[in-house]
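Welcome! Take a moment to turn it around, and then read on.

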Amino acid sequence: MRDWLSGRVPARWTAGTEICSQCGHSVHDFKDLPPSYVYLLGIYLGDGCISTHPRAVYRLRLSLDPAYPKIIEEATEAMREIMPTSKATSWLTPNRAVEAYSFSKAWPCLFPQHGPGKKHLRRIVLSRWQEELVRRTPELLLRGLIHSDGCRFINTGRDGWRHPRYSFANLSPDILRIFTDACDMLGLHWTTCPHTVYVSRKADVARMDGFIGPKA
């Protein structure tokens, strides 16, 4: 009753509203998702999963490093913005990782990459509407991917030179390709070795610094 009084009425009970046949929410208008969705997509591809719970409810879980509280806060706030009728919170797990999570029946609709098994053992492809959102703000996708499975470090050479460099590591060749596709959209030069993509040129690193910043 408290939910109804506060306006959180089940979508299927809202008069005149078209219902998604998969999750029972109002039909999704993917093109109107906030920019934070693209950031959350990057975090999900790197460190996220969706698990099934009773009554066809799903739990979006992000496994994050407690050393970076601002990333935890940004990822949790993105879940709240995308699914405002569902609570998003985090807790410190017994293995000392932070799990940020939110429950909703709609998460598989918003992240169609959800499926059984590990991501690197199955095909991961963005849907057309996801590609359109990424084209609007590829910076946010790279930010989310770097915040999950990436880092900025100092690369050194034998003659004593030192220069910052970005790397993104993932076992999934499809997710690596999603990263490099976003780099291509921004004109960032990249190189690869097994399971890792590097962005090393000074101008490209400086440009990434502008929309990623230090992990904190």
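In what order do the four strands of the open sheet that contains β5 lie? The order is β5-β6-β8-β7, and the pairing is antiparallel. Please keep in mind that this is a predicted model. A second open sheet of four strands, also with antiparallel pairing, has the order β1-β2-β4-β3. The notes below visit each sheet, the helices beside it, and then a nonpolar core.

**The sheet with β5 to β8**

- At the edges of this sheet are β5 (150-156) and β7, each of which pairs on one side only. From one strand to the next, the twist averages 30°.
- β6 (residues 162-169) and β8 are antiparallel partners, paired over four bridges. One place to look is Tyr166, whose bridge partner in β8 is Val199.
- β7 (residues 191-193) runs antiparallel to β8, and three bridges join the two strands. Here Thr192 stands opposite Val197 of β8, and Cys193 has Thr196 as its bridge partner in β8.
- Two residues separate β7 from β8 in a hairpin, and His195 in the turn has a positive phi of about 70°.
- Which way do the residues of β8 (residues 196-199) point? Thr196 and Tyr198 point one way, while Val197 and Val199 point the other way. All of these residues are buried.

**Helices around that sheet**

- Helix α8 lies across β5, β6 and β8, and its direction is at about 65° to β6.
- Helix α7 covers residues 173-186, which makes 14 residues. At 1.5 Å a residue the helix should span 20 Å, and its end C-alpha atoms are 20 Å apart, so the two values agree.
- The buried residues of α7 include Ile175, Leu176, Ile178, Phe179 and Ala182, along with Asp174 and Thr180. Among the elements that cover the buried residues of this helix are α2, α6, β6, β8 and α8 (202-211).

**A closer look at Ser148**

- Ser148 sits in helix α6, which covers residues 138-149.
- Is Ser148 buried or exposed? Ser148 counts as buried because its relative accessibility is 11%, and the cut-off for buried is under 20%.
- A polar atom of the Ser148 side chain lies 2.7 Å from the backbone oxygen of Leu145. In general, an α-helix has 3.6 residues a turn, so residues three or four places apart point the same way.
- Leaving aside residues up to four places away in sequence, Ser148 touches Gly42, Ile43, Gly46, Asp47, Phe168 and Lys215.

**The sheet with β1 to β4**

- The edge strands here are β1 (48-53) and β3 (88-92), and each pairs on one side only. The twist averages 25° from one strand to the next.
- How many bridges join β3 to β4? There are five, and β3 and β4 (residues 98-104) run antiparallel.
- Helix α2 (residues 36-47) lies across β1 and β2 (57-64), and runs at about 80° to β2.

**The largest nonpolar core**

- The largest nonpolar core has 55 residues. Which of them touch the most other members? They are Tyr37, Leu40, Leu60, Leu62, Trp107 and Phe111.
- Helix α2 gives the largest share of this core, with eight residues.
- Not counting residues up to four places away in sequence, Trp107 touches Leu40, Ile50, Tyr58, Leu60, Met79, Ile82, Met83 and Ser102.

Key:
Residues numbered from 1 in each chain as written. Heavy atoms only, no water. Pairing = 2+ DSSP bridges. Axes fitted to C-alpha atoms, helices over the stretch in contact; angles between N-to-C directions. Contact = heavy atoms within 4.5 Å. Buried < 20%, exposed > 50% of the residue type's maximum accessible area, 1.4 Å probe, protein only. Polar contact = N/O pair within 3.5 Å; in protein donor to acceptor, adjacent residues only side chain to side chain. Expected span 1.5 Å × (residues − 1). Core = buried A, V, L, I, M, F, W, Y, C linked by side-chain atoms within 4.5 Å.
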